[in-house]
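Notebook open, viewer open. I'm jotting down what I look up as I go.

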Amino acid sequence: MQRGTLAFRITVILVGSFVLLQLAMFALTSEAGRAPRSGAASLPSVGQMRAIVDLIEAMPPGRRAAEVIAFDGALYHVRVEPGSLPPSVESAQGMSIGRIYSSGMPGRRLSVTGRVARFPRLARLNPWPGWIADPLSVHVALSGDSPTMLSIESQPSESVLVVLRRRATLLGLGGIAALVALAFAVRATTRPIVRLARDIRTYRGEPASPDLVVAGSPELRDLAQAYNEMKGRIAELIAERTRVLAAIAHDMRTYITRIRLRAEFIDDAEQRERAARDLDEMAALLDDTLLLARAEARVDESRRRLDLAAELRRMVEIRQEMGDTVSLSLAVEQAPVVAAPLAIRRILSNLVDNALRHGTQVVLTLCEDNGRWRIDVKDDGPGVPDDRLGALGEPFGRIDPSRDRSAGAGAGLGLAIVRALVAAQEGKILFANRVDGGFVVSIWMLPLDERQHGPKSGR
């Protein structure tokens, strides 16, 4: 249970309330068990002490020890003991108590031993004597042939201690049972919230993603229902955006075709070539924008089983035939996944193109990394400033200030398309600079036989 979570706060509130309730019950019980106005430190008052001593002395010496139990109070214990008075304690509290009893019983010899407890109420109701040692006692010498004294100790009698022990045991067991029930109650209360947060966090915008289960308390049901409605509206907006972009792209292609035909009538060959190049870039930009929208909307071909190792071999062979300096290093012979083949090929093609624009050679590697397949696309280019790494993969977010495709920047949609396509295939992507120079893009893909969330490395 982490500090600051809802479960932690509920537990603190309930445990605090439980402890306060027990303290209140203890205070009320101790007040109810108190005798009418006791003397100092829960000992009998002066009048009670004088009456007890007179009655004990009136009894035959042989019966005193047996009959003294009748004088036991809830807050003190009375006994008759043979022997002389022990020396009084040398403390201001003990001497003060001795003076009080001496003034009320003139002519009596007495002594006070022990000490006044720091918390008198807890001391006198302690069900396990010994935890608070050396209780306060008043000893009064009794008349008789042999030295005898009456000792009154500021501890409850044995019968009261038995009741207190039982009560403490029941309170302890009840407290443990309450805490166990509290733990289950808090868990049952917070589990739907944790599940709801997890489902919301894993939602990636797929129109066909399942709705949240509407269950639990009325507040949780209302929250789940509101989230399902919001998800539906988001899916409609994404689909509408894709339809609008598709319609714009279709119409724009028509105008581009018409302009291209008119460009053929430009007399200047150089200007005609520039116009044709600009029109090609406009068409490519439209295609990239529409592809990005479709990727973010998860509008793609159906997935099927394919081998990443085979796709990488095919990509490298084609690039090498084109004269590109591209090499491959495989740590595994096969890497089966379930993905859209065209999406995987577009991802690899975009990354290799980007690496070749900024470097002279590209190395592709494939290995297993914490339960996922990891593809690394490395180049020997200048890399990217560390403060700009976070902007990579954002639509129209380019590091190169030039918007000229020949300079390698384009419209800034290449890596954004890659990021969107990787997310659509339930993968992860990371951009980083190489320690020995250059740039690397790492992609993690789920294996065919494993459907876990994210690489264990936390990337």
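How are helix 10 and helix 11 oriented to each other? They come out roughly antiparallel to each other. Angles under 35 degrees count as roughly parallel, over 145 as roughly antiparallel, 65 to 115 as roughly perpendicular and the rest as oblique.

**Ground rules**

I'm working with a predicted model, where local features need pLDDT of at least 70 and side-chain atom pairs count only at pLDDT 80 or more, while totals for chains, interfaces and linings use all residues. Residues are numbered from 1 along each chain as its sequence is written, and side-chain values use heavy atoms, with hydrogens and water left out.

**Confidence**

I checked pLDDT (the predictor's confidence in each residue, from 0 to 100). The protein averages 77, and 77% of the residues score at least 70. Residues 401–411 stay under 50, and the model gives them 23 contacts beyond four places in sequence. Contact means heavy atoms within 4.5 Å. Residues 451–459 are also below 50 in pLDDT, with 18 contacts beyond near neighbours in sequence.

**Helix 10 and helix 11**

Helices (H or I, at least four residues) and strands (E, at least two) are DSSP runs, numbered from the N terminus. Helix 10 covers residues 341–358, and helix 11 covers residues 414–424. I get an angle of about 150 degrees between them, with axes 9 Å apart. Axes are lines fitted to C-alpha atoms, for helices over the stretch in contact, and angles run from 0 to 180 degrees between N-to-C directions. Helix 10 contributes Ala343, Arg346, Ile347, Asn350, Leu351 and Asn354 to the contact; from helix 11 I noted Gly414, Leu415, Ile417, Val418, Leu421 and Val422.

I traced an open sheet in the order 6-8-9-11-10, with mixed pairing. Two strands pair if DSSP finds at least two bridges between them. Strand 6 (326–330) and strand 10 (428–433) are at the edges with a single partner strand each, so one side of each has no neighbour in the sheet. Neighbouring strands are turned by 15 degrees against each other on average, direction ignored. Strand 10 and strand 11 (residues 439–445) pair in the antiparallel sense over six bridges, and Ala432 stands opposite Val440 in strand 11. Helix 11 packs on this sheet, touching strand 10 and strand 11. I also found helix 9 (residues 308–321) lying across strands including strand 6, to which it runs at about 160 degrees.

Which order do the strands take in the open sheet of four? I read 1-4-3-2, with antiparallel pairing. Strand 1 (77–82) and strand 2 (110–113) stand at the edges here, each with a single partner strand, so one side of each is left without a neighbour in the sheet. The twist averages 25 degrees from one strand to the next. Strand 3 (residues 137–142) and strand 4 (residues 148–153) share six bridges in the antiparallel sense; Val138 has Ile152 as its bridge partner in strand 4. Helix 2 lies across strand 1, strand 3 and strand 4, at about 40 degrees to strand 3.

**Helix 2 and helix 4**

Helix 2 (residues 46–58) and helix 4 (residues 92–104) pack at about 60 degrees, axes 9 Å apart. That angle is why I call them oblique to each other. Val46, Met49 and Arg50 of helix 2 meet Ile100, Tyr101 and Gly104 of helix 4.
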